[in-house]
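Open the model in your viewer and follow the stops below in order. Each one says what to select and what is there.

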Amino acid sequence: MPFSTLSKLKNRLDAGETSAVELARIYLDRVAAHNDALNAFVHIDADYILAQAEASDAHRSAHGARALEGLPIAVKDIFCTQNGPTQCCSNILKGFHAPYDAHVITRLKEAGAVLFGKTNMDEFAMGSSNETSAFGPCRNPWNSDCIPGGSSGGSAAAVAAALAPAALGTDTGGSIRQPAALTGITGLKPTYGRVSRRGIIAFASSLDQAGSMTRTVRDTAMLCEAIAGHDAGDATSVADAPATDWLAACDKTDMLGLKIGRPKEYFVDGMDASVRATVEAALAECEKLGAEIVDISLPHTEYAVAAYYVIAPSEASANLSRYDGVRFGHRCDNPDDLLDMYTRSRDEGFGSEVKRRILTGSFALSSGYYDAYYKKAQQVRTLIRQDFLDAFEKVDVIATPTSPIPAFKIGEKTDDPLTMYLSDIFTIAVNLAGLPGLSQPCGFVDGEGGELPVGLQWIAPAWREDALLSAAAAYEGATDWTKKTPVGFDLAGGAA
Amino acid sequence: MSWETVIGLEVHVQINTKTKAFCGCSTEFGADPNSQTCPVCLGMPGQLPVLNMEAARKSVLTGLAINGTINLESKFDRKNYFYPDLPKGYQITQFPVPIVELGHLDIPVGDGEKRIGITRIHMEEDAGKSMHEGLDGVSHIDLNRSGVPLMEIVSEPDMRNADEAIAYLKQLHQLILFLGVSGANMEKGQFRCDANVSVHQPGTPLGTRSELKNMNSFRFIKQAIDYEVNRQIELIEDGGEVAQETRLYDSVKGETRPMRSKEEAHDYRYFPEPDLPPLRISQQEVEAIKAGMPELPGQLRARFESEFGLSSYDADVLTQTRELAGWYESLVAAHPADPKRCANWLANELLGRLKEMETDVADSPVSAHKLAGLLDRIADNTISGKSAKDVLDAMMASGDDADAIIEAKGLKQVSDSGAIDEMILKVMADNPQQLEQFRAGKDKLMGFFVGQVMKASRGQANPAMVNQRLKELLKA
């Protein structure tokens, strides 16, 4: 049961075979048993979780079940919640309690979900390995010497090890898809504007988008359906977005007539050969399901990482200015004067990767450099968006590897930020173009200390999450990758 | 050496929306510190701005009133700097694409007019207030003003002396009040001006400018500009160079002095605000805003001159504020027979008395309707103009009707021709010598007889009738 899907848990709840309280206890036991090894959760309040579960069971018996009634959902420490701390895994927000819920948290509550703790992440979502967290690194359930990916590493590890059946993450340059790939789960970043960003601590406002991290495609559809929709409190959430029938899209079992683009820029020398072979095999499977694989080109792909690492830090440099020691968060002791308070509070509160990005962004925006960096990067962004528009004239969806490499060892790349940045090479362009992207497991490669999961990324035109879900559901139905579980996590709660 | 002064002005106008620019907090002035704040205007994590469209509409209205070009798509940007009363560490403003561009305002200069170009009007949010005085080494921050919508109205460097600058500001101030887009109260900081001032010799390139801040009245603005112009000229004539810097005006010492360089060494790192999509306004919305445009001071002046036959001076005086012009129109409506008399009594008598009371028509103890009642009594010869002034004094003091006061004081004018004739005949009988001289051709004595009759009536005889009847009876 712990490795059960959200859909099955929902069915069991609806059938009266279990209760929200029982589920909460099972997963709390699993967190107690395994979180020390994984460090997936940075905050979990059993009393609050059980109280929500009891309220959910009461609601079910009094009024019937809502969409996610009684289902435990873990959320990344970037989502503001009225209950418990919201710290973005940063020392500068240590002890911060938001007096409000993020819009998506409100949506989860309205759907009857049980908010199940805060998960580990890279500080302010800046990282690809979860190693920049102020609460220490999170570990990959498939190999505890390895990173789970990032920045939503805690959510990924929690779902992969079944410490929670599903989780929310955020994705600015791949922060849902890359850790989903590296931990063998399914993650969806919706179209920019599909999900409200209000109450989600901002990293890069024009790129950030919340999404789902689950065991299966259908689970992802369930969770995204619950959080998606217009919010008048977020001017970038789109009011007249085309609707998606999330669950119906998951009924697809074949790919007849589907044209899948295979961009040559995403199958290149320098990427891990076994990862490449695994993804190629997945595409061959798609052909068997009736799809036509079309070779395409996204010619500006090679500039995506550079453009991203100008735009995202630029926006972040302003977004993080509010952490100044004045109103909330960390303030240094005994400042000499205002400048000393600013510099020491921020120096003590931010970790080195966050500082690096604030500096990079401030530099890119500064007078005399703006045109060469920020403006140029925005021009590249336009070209990348156009690449995709051109490609979708020829194909329905695009399939690529999610990450060029499987999970790497903790500490292996921490001294080499540029190499670290390249682990997002296949996910970043999707954010720059504002498109929906989904990663699902498509096989395993041999790594040190055992097998490591590989992710297949699907990219669709804006607002076509249904196309992603249909392709992914058909592939998932034809393969067994989601049924594979990491070893060592089947003890506590397993009896339920 | 002859010097030419070049002045450009940046005016920040607080837009009088009920709620702030990007959140639902009240903009009411004078509330308890930090009582009108929410997570958005406090810059809390994850909070997002949503534009108050009313602020945009009022900016468009202002843009139309200065004959500006309305950008149907304008953009928001972030202006980055750290200050404790700026919660987000950046101000949301409009940089490359403001909501209004290229307008102008015609100002009176001498007997003519001068056109002052307006480069742009952009929308932005206000910061909070820091308080340092008398707090024993700590500072307090009040964020009630944080996020209040502003329009920044930037002029071309078209003004050549402080008087032109003041004329422009007064014209703009009046326009803003007429449009009803701001309280424009300078003491409350709702209308704030920064001045860019430089001097050069005509025919040579423009001089280096300094930016003057901290001037919260027209008088101080004039003093600051005059001081700065002299300072720059003396500096250059002594072989020095003007530095491009921000200078604060000290109204106590009457001088400008540079801000500490640390405070102004800013690179604001402007970039597009990713939390707000471009502000789009349709041509139809602009037309609707235009259709709702109130009558502007210039139009009102012209109408007062043509419709009511007022002199341009009176028309100007009575259109200083929308309230005053409205008051005048109410007065004319209640006393339609003589708009000029209405203008004289309002401009010369009532306004003077209100000024002494340090108030204005909005709080006048005498309403337009009551003043019309007084003017009616002058028109029907119940009282003379002279005694009407006394009646107005009494009305100002008590708020009573003119009729009640005339009655109570027994000021009713004698216009009964029989009674007047009787008085005249008595005066003639009492002064036979003068009558003889008058009839012999000494016309000057007319004044003597008028005076005697008025005296006999204790000032209540209708002077026009006295004159008329005297002429007839004396010659008989």
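Start where chain B meets chain A: across this interface the rule finds one salt bridge (a side-chain nitrogen of Lys or Arg within 4 Å of a carboxyl oxygen of Asp or Glu). Select A:R197 and B:D275, whose side chains form a salt bridge with an N to O distance of 2.9 Å.

This is a predicted model, in which local features need pLDDT of at least 70 and side-chain atom pairs count only at pLDDT 80 or more, while totals for chains, interfaces and linings use all residues. Residues are numbered from 1 along each chain as its sequence is written, chains are lettered from A in the order in which they are written, and side-chain values use heavy atoms, without hydrogens and water.

Next, show all of the contact (heavy atoms within 4.5 Å): 38 residues come from chain A and 30 residues from chain B. About 2700 Å² is buried between the two chains, with 61% from carbon and sulfur atoms; this is the accessible area (1.4 Å probe) lost on putting them together, summed over both.

Finish on A:F124, whose contacts include A:C88, A:F203, A:Y323 and A:F350, leaving out residues up to four places away in sequence.
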